[in-house]
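Me: I would like to learn how to read a protein model step by step, starting with its pockets and moving on to its charged side chains. Could we go through one together?

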Amino acid sequence: MYEIVMMDTGLGQLYVDSLNVNDTQQLLCNLKQMKNVVIGSNRQKANLMLCGAVPRLLNIITSEKSPAVLVECAIILGSFAKGSEVTRRKLLEEGVLSIMLQGLAHGELKFVEACLRFLRTMMTSPSAPTEILHQDSTIIPHMIQLLPQSKCTQECIASILATCCKNSEHQETLCRHGAISALAPLLDINEDRIQLPTLRCYAALAYQNRNVSSAIASTMHNGESLLQIFCRLLNRNHSVAMQLTAAKCLSYLCRAGAVAVDDPIIQFRVLPCLVRMCKKDRSVEEKVEGAETLAFLIEEDIDLQRVASITDHLIMTLAAFLRYIPEATNKNEDLSTEMKQAAFKVFASLGANEEDIRKKIIDTQSLMDQIEICLSETNPKVQLSAVRCLHSLSRSVQQLRTSFQDHAVWKPLMKLLRLGQPDELMTIASSTLCNLLLEFSPSKEPIVDAGAVELLCKLTASQNTPLRLNGIWGLMNMAFQAEQKIKNSILTSLGTDQLFDLLTDSNVDILMKTLGLLRNLLSTKQHIDSIMMSHNKQIMTAVIMILEGDHPPDVKEQTLCILANIADGHSAKDYIMSNEDILKKLTYYMRIEHVKLQIAAVYCINNLVWTEEDGATERQAKLKEYGIQKHLQALLDSSDTVLFDKVKTALQQFSS
């Protein structure tokens, strides 16, 4: 093997050296010989590159004037680009990309076409710097101008633009330079090699961009709207790839708001087409793309979810995805993984809202077992899709009480969270755990026993806002109607410093959930008294801090409800009655022109003056000194029935 490589390398050096000639015809002949050697042979590509072929070819391109020579050089470089990923990275390191981009300005069309073919191949590489097209403001408009030149320029440029349109800035740039109208004539050419990349480019333009999608939807070509053309390409007389890509375009336009969800095109053409793409007679790649597009289309609309769930046995079709047995090649093993991801994505979208649909999904044979298995996969993409599916299904109260009891999905979920996965996976996993910790969930007790308190407290200290939110949300759910030992465990593990950090968090949702946690901790008279005995200073300080702070009314209302809970304790009442600052704040919020805050303040007063509680007479007398009774009487004029009833009840306690 060593001798063969040496012989190949030696021969390769001869080919490279043969390019050092001054005679144009001889150079052309030698280039053609090199071209014939490298086409179809990755080994010869590697050998010639090792011998310095690339710098020599670039030198020729930048100095030679013969169009024929330039074309042959570009073709050879294009052949190199079709080699391995290592070969493509080497080409990037050699600076070939910028030279070929410069070649687009050449007057010889065949050379321009060869440069475009090279660029198309390179831009599909995972390591390709697609941003390079957008760094020079002249490249995109020049490419759009080149579109009508030939079928080759149309095919290549549409592919390049589709591949390099990665974000909203790229979309806006293409739109601004007239790409939407310039691409439309390409849809008239009845050839898949041109129509398909054109459709893919429209899909890339439309994806999650309302403005560009609206521009696409309003564009006319030869008396037809682009929507009508896309719809026509859904017809079954076109290739499967064409139907699928047209459906993707229309799905993206719909999600961006350019096509109404209840438009017949979506409900009666696009959705059935995508479901059809999931059937067993389709290739694995088609199934995956069809399913993932369908998941995206129906993700946020309950009506589309309902229609999809009863279309052509979709749920059973997707269940077969999970049982896909790969052939004995690495590629097919990857496809098996993609099949599972696609199925879980659709299940997650289907089950996002409707209880009956969730039940159908969960009742699918072995689904929960598959979710458990995939949560323990090493592939993070499979884990993420399985967690998303589980999160969607865990929104069901009925299923939490039944099906989730039969499957310990919380175990791999807890393991994921302990391992510290990527933020997106951690966010969905922790959100799912929050649902499993709801009071009526049979999983709650074993999850708590498995160390969920420490895990969630750790999440509350995360730099990632959604993780902090889910951490405190989970603790809030856990504390609801919990035993005192669990409540004490939460307070001990969380700690005073972390509690105050959460109460001063800039995110209002985190603040609200932290207040919700305090409210749940301070429930049941015995628990209230016990917690206030050990944490009264911290809690009262926190209450005053929130009531004095610049916070929305909902935050203030939740804080006043915490005070009402404290007032419902036996000995805990004293911490309010002995705090002049708190009493003044209660009178202030009774007078403030905001009904919800008035109701919450009066609710607290009710608990303080309740005559059946020990010491009620003394408390009533002290509150009278603060003018509470007069403020209550003034509130009898309120037109709000809830506030009126609470005020009336409180005044009855004073008079009894």
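Me: Which helices each supply at least two residues of the lining of the second largest pocket?

Reply: Please keep in mind from the start that this is a predicted model. In the second largest pocket, helix H29 (444–449) and helix H32 (484–494) each supply at least two residues of the lining, and H29 gives the most, with 4 residues. The lining residues include Glu439, Lys444, Asp449, Phe480 and Ile486, and the space in this pocket comes to about 250 Å³.

Me: How do the residues of the lining of the second largest pocket divide into nonpolar, polar and charged?

Reply: The lining of the second largest pocket divides into 4 nonpolar, 2 polar and 6 charged residues.

Me: How much space lies in the largest pocket, and which residues lie nearest its centre?

Reply: About 1400 Å³ of space lies in the largest pocket. Its lining is made of 38 residues, and those nearest the centre are Tyr207, Tyr252, Glu292, Phe296 and Lys345. Several helices give two or more residues to this lining, among them helix H12 (168–176), helix H14 (192–206), helix H17 (240–255) and helix H25 (380–393), with the largest share, 7 residues, coming from H25. By residue type, the lining of the largest pocket divides into 16 nonpolar, 11 polar and 11 charged residues.

Me: Now I would like to turn to charge. How many salt bridges does the count come to?

Reply: The general idea is that side chains of opposite charge can pair when their charged atoms come close. In this model the count comes to 29 salt bridges. One of the pairs is formed by Lys90 and Glu94, whose closest N and O atoms are 3.8 Å apart. Lys90 counts as partly exposed, at 35% relative accessibility, and Glu94 also counts as partly exposed, at 27%.

Me: Where do Arg358 and Glu355 both lie, and how many residues apart are they?

Reply: Arg358 and Glu355 both lie in helix H23 (residues 355–362), where they are 3 residues apart, about one turn of the helix. They form a salt bridge in which the closest N and O atoms are 3.4 Å apart.

Me: Which residue forms a salt bridge with Lys585?

Reply: The partner of Lys585 is Glu548, and the closest N and O atoms of this salt bridge are 2.9 Å apart. Lys585 lies in helix H38 (residues 580–591) and Glu548 in helix H35 (residues 525–548), so the pair ties together parts that are 37 residues apart in sequence. Lys585 itself counts as buried, with a relative accessibility of 13%.

Me: Which residues are linked in a network of salt bridges?

Reply: The network of salt bridges links Arg120, Lys151, Glu155, Glu191 and Arg193.

Me: What is the nearest side chain of opposite charge to Glu113, and how far away is it?

Reply: Glu113 is found in helix H8 (residues 109–123), and the nearest side chain of opposite charge is Arg117, 4.5 Å away. A salt bridge needs the nitrogen and the carboxyl oxygen to be within 4 Å, and Glu113, although buried, has no salt bridge. Leaving aside residues up to four places away in sequence, Glu113 touches Ser150, Cys152 and Thr153.

Me: Finally, I would like to look at the backbone. Where is the place of Asp312, and what is its phi near?

Reply: Asp312 is in the loop between helix H20 (302–309) and helix H21 (314–322). Its phi is near 50°, a positive value in a residue other than glycine, and with a relative accessible area of 40% Asp312 is partly exposed. Thr524, which is not a glycine either, has a positive phi of about 75°; Thr524 is found in the loop between helix H34 (508–521) and H35, and counts as partly exposed at 48% relative accessibility.

Terms used:
Residues are numbered from 1 along each chain as its sequence is written. This is a predicted model: local features need pLDDT of at least 70, side-chain atom pairs count only at pLDDT 80 or more; totals for chains, interfaces and linings use all residues. Side-chain values use heavy atoms; hydrogens and water are left out. On a 1 Å grid over the protein atoms alone, a cavity is a set of points where a 1.4 Å probe fits but cannot get out, and a pocket is an open set with protein on both sides within 12 Å along at least five of seven lines; lining residues have an atom within 4 Å of a point. Grid points are joined across faces, edges and corners, and a volume is the space filled by probe spheres set on the points. Ala, Val, Leu, Ile, Met, Phe, Trp, Tyr, Cys and Pro count as nonpolar, Asp, Glu, Lys and Arg as charged, and the others, Gly among them, as polar. Buried means under 20% relative accessible area, exposed over 50%, partly exposed in between (1.4 Å probe, protein chains only). Lys and Arg count as positive and Asp and Glu as negative; His and the chain ends are not counted. Contact means heavy atoms within 4.5 Å.
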